[in-house]
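Work through the exercises below with the sequence and the structure in view. Each task is followed by a solution in steps.

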Amino acid sequence: MEDFDSLVLFLFIGLVVGARLGEVFFYNFGYYSGAGFWEIFKIWEGGLSSHGATIGLVVAYTGFWLWKRRTGRGLKRRGPPEARGFKFLEYADVLAVCMPLVAGFVRIGNFFNS
């Protein structure tokens with residue numbers, strides 16, 4: 001798992017961006033379309049979505065997979081195509097752990113936020 005650090009960075013960014021955009025598009029699109037574009041970046045004022053976080057994790061993982069296939073960093077250069085890169089589901093267990101944790105943390109946050 002030499003790519004674990006890069007994967008965690010991709011997933012963290014995808015989680016935060018996806019959670020915020022999920023809140024913007026799923027719940028308060030009318031407010032953010034009228035309030036201005038820059039209000040979207042004020043995550044300290046609240047508004048994150050677990051649905052958007054899950055979508056963000058999947059998109060970030062897909063982006064990581066495409067980045068690794070395109071750059072070929074850390075991948076074998078010889079052999080058949082399936083042996084040169086890692087398969088899409090190779091790190092899927094990381095996603096399988098992250099998504100329920102995200103949902104759990106959101107529910108805990110909802111409990112304390114009332």
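**Exercise 1. The nonpolar surface patch**

Task: Find which helix gives the largest share of the nonpolar patch, and list the residues of the patch.

Solution. 
Step 1. Helix α1 provides the largest share of the nonpolar patch, with 8 residues.
Step 2. The patch covers about 1100 Å² and is made by L9, F12, I13, V17, L21, F25, F26, Y27, F29, I55 and V59. Two or more of these residues come from each of α1 and α3.
Step 3. Take F29 as one member of the patch. F29 sits in helix α2, which spans residues 29–35. Its relative accessibility is 45%, and F29 therefore counts as partly exposed, since that class lies between 20% and 50%.

**Exercise 2. The fold and the confidence in it**

Task: State how many helices and strands the protein has, and which element has the lowest mean pLDDT.

Solution. 
Step 1. The model is predicted. It has 5 helices and 0 strands, and the order along the sequence is α-α-α-α-α.
Step 2. The mean pLDDT of the protein is 77, and 83% of the residues score at least 70.
Step 3. Among the elements, helix α4 (residues 81–84) has the lowest mean pLDDT, 51, while helix α1 (residues 4–27) has the highest, 87.
Step 4. Where pLDDT is low, the predicted coordinates should not be read in detail.

**Exercise 3. A salt bridge**

Task: Determine how many salt bridges the whole structure holds, which side chains meet in a salt bridge, and whether E39 is buried or exposed.

Solution. 
Step 1. A search of the whole structure gives 1 salt bridge. The side chains of E39 and K42 meet in a salt bridge, at 3.1 Å from N to O.
Step 2. E39 has 18% relative accessibility and so counts as buried, the limit for that class being under 20%. K42 has 26% and so counts as partly exposed.
Step 3. E39 lies in the loop between α2 and α3. Setting aside neighbours within four places in sequence, E39 is in contact with R20, Y31, Y32 and E45.

**Exercise 4. The protein as a whole**

Task: Find what percentage of the residues is buried, and what part of the accessible surface belongs to carbon and sulfur atoms.

Solution. 
Step 1. The protein has 114 residues, and buried residues make up 27% of them.
Step 2. The accessible surface comes to about 8000 Å², and 66% of it belongs to carbon and sulfur atoms.
Step 3. Consider the contacts between residues at least 6 apart in sequence: 69% of these join residues at least 24 apart.

Methods
Residues numbered from 1 in each chain as written. Predicted model: local features only at pLDDT ≥ 70, side-chain atom pairs only at ≥ 80, totals over all residues. Heavy atoms only, no water. Salt bridge = Lys/Arg side-chain N within 4 Å of Asp/Glu carboxyl O. Buried < 20%, exposed > 50% of the residue type's maximum accessible area, 1.4 Å probe, protein only. Helix = DSSP H or I, 4+ residues; strand = E, 2+ residues; numbered from the N terminus. Contact = heavy atoms within 4.5 Å. Areas by Shrake-Rupley, 256 points an atom, 1.4 Å probe, with all protein chains shown as cover. pLDDT = per-residue confidence, 0-100. Patch = residues over 30% accessible without salt bridge, like charges linked within 9 Å, V, L, I, M, F, W, Y side chains within 5 Å.
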